[in-house]
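Please consult the sequence and structure displayed below.

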Amino acid sequence: MNWVQLLVLGLLLGSVYAMMASGLTLLFGVMRVVNLAHAAFILIASYITYLLFENLTLDPIVSLVITMPLMFGLGVIIYLVLFPRIEGSARYVEMTVLLTFGLALVVEGLLTFVFTGTFRSVRPDYVSTSIHVGDIFIPSNQLYASAVSFALLIGLWVLLRFTKTGTAIRATMQNRGAAQIVGVNVRRISAFAFGTGMALAGAAGSLLSFLFPFFPGKHWQWIALLLSLIVLGGMGSIKGAVIGALLLAIASAVVTDTFGPTWSPITFYLTLFLILLVRPQGLFGAKLRL
Amino acid sequence: MALLEIEDVVAGYGAGPDILTGVTLSIDEGTSYCIVGPNGAGKSTLLRTIAGILKPRAGEVRLDGTRMNGSRPDQMLAAGVCFVPQDASLFPTMTVRENLVMGGYLLGDRVLKRQRLEMVFETFPALADRKSQNAGTLSGGEQQMVTLGRSLMVEPKVVMIDEPSLGLAPMIADQIFEKIGGFRELGITVVLVEQNAVKGLESVDWGFVLDLGSKEFEGPADGILADPRIRELYLGKQLAPRERR
């Protein structure tokens, strides 16, 4: 396959990964929470999208207007119910890992109970069409998913850069104590950031539902990939997550083409190992003291 | 009526023991104060409790006669109590200007924010020269200036400053104390916590001596400095190296 084709495929998928990873890295940046349940929440949104499509033939892209607010609300509730209890703890980081790992198991169990372990997929018309530009082909579903992801990333950037809430989120990411001192209500900002990260997970779930088939245990595969993306970019750096996602998706496309799809997943972890050997803090991460 | 009243306040961290075992003190408008005492006396804990970062387990914090117990830090700040913590708590990858603007986070009015920013740059001319530099790249003294300048953005009634001279060279520390002295002319009541008891007491009107979580003594700052009994009992360890010189 020619290089331009590989680059296009890599960028299309990469922008979806970037959107997924930016939500996860946002949570880490604001709250120092490594949300191991992030991909499980993405799957919840995939199943909601599936239900809406099967029962109401609602287009999965349109279903974002339902999944995003729904997941935002779920995020705020989960944050307010679970996190204030462990916030002051000396073992906060360890507890968040266990807590979110537990959440992932609960979500997987519930999804298996309700939807069984069967593979599902959402198949609107554009799943089987593609656009040809010269000798480059662009699968329609990937193009749409990529465009939506790109728009959401711009939305996130505008939110963080130009709104008062966004400024408060960035301040909290840089120095939670200092943010509190200048009058940021850090609990409210954390709840909002958790909700925003979850809303992005909701969007990701709707988009992934028509890109890949899914089943309740699929989230382990996704979270492994997402974690490698945000570690590569530097934990808590949204810019890093986006660039890391694009790079790795392109690398994965090249490896798939050269060595076959079996080798695609290993690209992520191999690149991660190599980069961390040289830059332990990731591409754009600050050196962390946890 | 006193501006800020602390009555029998008990506080501690997490499930840990009481650090403050019942502190009572009162802060009048326009007077400056320094809280001194040995390590672990609860000086910083007291400021953090007043600032709302720590909830008092018992007792009362009153501002202008209103009970403030359980207020969040942002509510205390909005009420006019500003806290400057000891670690020069800045936003390292934001510029000096952005850090100062963050100090006015609670101000809704843009014009007011710009006026205050001008005022801060007048008070701290050194910061005006560095306004486009990232705060993380400044020296310790300059970072302390930014946190002090940032506290002026909300025109607070009381500024509580925790260990402003920590980790600074003596000459730089003197400059910081001089700036803090200037706060009084702006009509701000200063409450200082200082490990360097002599420096701290020299720059204020009134001193509190804190030990083992409660107030042991209070009086005019120069009186405390002159009292050999207090010096020996509570300030002895800190004064020794200086006197030997």
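Two strands are taken to pair if DSSP finds at least two bridges between them. Helices (H or I, at least four residues) and strands (E, at least two) are DSSP runs, numbered from the N terminus. The model is predicted: local features need pLDDT of at least 70, side-chain atom pairs count only at pLDDT 80 or more, and totals for chains, interfaces and linings use all residues. Residues are numbered from 1 along each chain as its sequence is written, while chains are lettered from A and ligands numbered from 1 in the order in which they are written.

**Sheet of chain B**
- Four strands of chain B make an open, antiparallel sheet, ordered β2-β1-β4-β5.
- β2 (20–27) and β5 (66–67) of chain B each have a single partner strand, so they stand at the edges with one side lacking a neighbour in the sheet.
- Strand β4 (residues 58–63) of chain B runs antiparallel to β5(B), and two bridges join them.
- B:R67 in β5(B) is the bridge partner of B:R62.

**Helix packing in chain A**
- The axes (lines fitted to C-alpha atoms, for helices over the stretch in contact, with angles from 0 to 180 degrees between N-to-C directions) of α5 (residues 140–162) and α6 of chain A come within 5 Å and cross at roughly 85 degrees.
- α5(A) and α6(A) are therefore roughly perpendicular (65 to 115 degrees).

**Interface of chains A and B**
- In contact (C-beta atoms, placed from the backbone, within 7 Å) are 13 residues of chain A and 20 residues of chain B.
- α7(A) gives the largest share of chain A's side, four residues.

Conventions: Contact = placed C-beta atoms within 7 Å. Parallel < 35°, antiparallel > 145°, perpendicular 65-115°, else oblique.
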